[in-house]
Amino acid sequence: MRMILAALLLMPALSWAHGEDKPGPAGGHIRMPGAFHTELILDKEQGAHIFLIDMNFQNSTVKDSKIEMVAKYKKSEVKFTCSVMGGDHFHCVPEKKYPNKGELIVKAVRENAVGNPVSYKLPLPEFKTKEFVDPHAGHMGH
């Protein structure tokens, strides 16, 4: 029983050790689904930009990678369609509006490494960083 209690008390510290307490390299929220990290940034249209980065918080890739994403709140679920954007990350668009409550569940595969599902609780906490601006906006065909 003491071991379980100790593990529960250490869980927040363990997640912080993986960088989940500060912004990622693109200014987003970090989770660790396995041998890599996901970095999520929401845009004004409720779309999500997801970077698949290595253990050193570098080298975002989409090669041999994919994202599945869903927003969940109580019994409702909103699915996202995810596609490669700019060659370095995924852009996931919801099928409809979803509440800014509940959670976003992301299932990621990075370079054929399958990660565990990760949860981003909504609303996302704000970091003291500038708002995400897509570097590929306005470039057609990329």
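**Salt bridges and a cavity**

Guide: In this predicted model, the side chains of E77 and K72 form a salt bridge, at 3.9 Å from N to O.

Visitor: What makes the contact of E77 and K72 a salt bridge?
Guide: The cut-off is 4 Å between a Lys or Arg side-chain nitrogen and a carboxyl oxygen of Asp or Glu. The N to O distance here is 3.9 Å, so the pair counts as a salt bridge.

Visitor: What makes R110 buried?
Guide: Buried means under 20%, and R110 has 10% relative accessibility, so R110 is buried. Its side chain meets that of E111 in a salt bridge of 3.6 Å, N to O, and E111 is partly exposed at 42%.

Visitor: How do you know that E103 and K121 link distant parts of the chain?
Guide: Their side chains meet in a salt bridge at 3.4 Å, N to O. E103 is in strand β7 and K121 in strand β9, 18 residues apart. K121 has 52% relative accessibility, and exposed means over 50%, so K121 is exposed.

Visitor: Which elements give two or more residues to the lining of the largest cavity?
Guide: The largest cavity has a volume of about 40 Å³. The elements are β4 (66-73) and β5 (76-85), and β4 gives the most, with three residues. Among the lining residues are K72 and E103, both named above.

Conventions:
Residues numbered from 1 in each chain as written. Predicted model: local features only at pLDDT ≥ 70, side-chain atom pairs only at ≥ 80, totals over all residues. Heavy atoms only, no water. 1 Å grid on protein atoms, 1.4 Å probe; cavity = no way out; pocket = protein on both sides within 12 Å on 5 of 7 lines; lining within 4 Å. Points joined across faces, edges and corners; volume = space filled by probe spheres on them. Helix = DSSP H or I, 4+ residues; strand = E, 2+ residues; numbered from the N terminus. Buried < 20%, exposed > 50% of the residue type's maximum accessible area, 1.4 Å probe, protein only.
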